[in-house]
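I opened my notebook to look up a few residues, one at a time. Here is what I wrote down.

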Amino acid sequence: MIYSLDIEDEQEIILKKENYPNLLADVVVEIKGERVRVKEEESPLNYCSIQGWVARSNHPIVCLPNSLLIVIEGKKQVDYDMVIFYE
């Protein structure tokens with residue numbers, strides 16, 4: 001599953017375990033101030049959420065325990081989109 005979201009829109013996305021069985025539990029992704037982070041999740045040692053805020057296209061959030069990858073993709077120098085990959 002791939003979500004493509006506008007990083008300029010402040011929002012929270014909740015990925016429900018019931019819809020995505022590979023998740024360990026529900027995952028909350030937050031977009032705010034043209035940055036993104038995994039706000040809430042369950043994984044060993046909370047690797048997914050301790051990565052914190054990401055604002056650059058060359059710094060992905062990798063959450064292997066939940067089969068989740070979040071990448072900011074730059075279309076132009078100042079125009080960014082965010083993509084969430086879920087397997």
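Where is the place of Val38? I found Val38 in strand β4, which covers residues 35-40. I noted at the start that this is a predicted model.

**Entry on Val38.** Next I asked: is Val38 buried or exposed? Its relative accessible area is 1%. The cut-off for buried is under 20%, so Val38 counts as buried.

Then I looked up its contacts. I left aside the neighbours within four places in sequence. Val38 is in contact with Val27, Val28, Cys48, Ser49, Ile61 and Ile70. I checked one of these partners, Ser49, again. Val38 and Ser49 are eleven residues apart in sequence. In space, I read 4.9 Å between them, C-alpha to C-alpha.

**Entry on Asn66.** I moved on to a loop. Asn66 lies between β5 (61-63) and β6 (68-74). Is Asn66 buried or exposed? Its relative accessibility is 0%, so I put Asn66 down as buried.

Which backbone atom lies 2.7 Å from a polar atom of the Asn66 side chain? I found the backbone nitrogen of Leu24 there. I also looked at Glu42. Its backbone oxygen lies 3.3 Å from a polar atom of the side chain of Asn66.

**Entry on rings.** How many aromatic pairs does the structure hold? I wrote down zero. I then looked at the ring of Trp53. The charged end of Arg35 sits over that ring, 4.1 Å from its centre.

Methods
Residues are numbered from 1 along each chain as its sequence is written. This is a predicted model: local features need pLDDT of at least 70, side-chain atom pairs count only at pLDDT 80 or more; totals for chains, interfaces and linings use all residues. Side-chain values use heavy atoms; hydrogens and water are left out. Helices (H or I, at least four residues) and strands (E, at least two) are DSSP runs, numbered from the N terminus. Buried means under 20% relative accessible area, exposed over 50%, partly exposed in between (1.4 Å probe, protein chains only). Contact means heavy atoms within 4.5 Å. A polar contact is a pair of N or O atoms within 3.5 Å; within protein, one must be able to donate a hydrogen and the other to accept it, and residues adjacent in sequence count only if both atoms are side-chain atoms. Rings of Phe, Tyr and Trp (its six-membered ring) pair if their centres lie within 6.5 Å; planes under 30 degrees apart count as stacked, over 60 as edge-to-face and the rest as tilted. A charge sits over a ring if NZ of Lys or CZ of Arg is within 6 Å of the ring centre and within 35 degrees of the ring normal.
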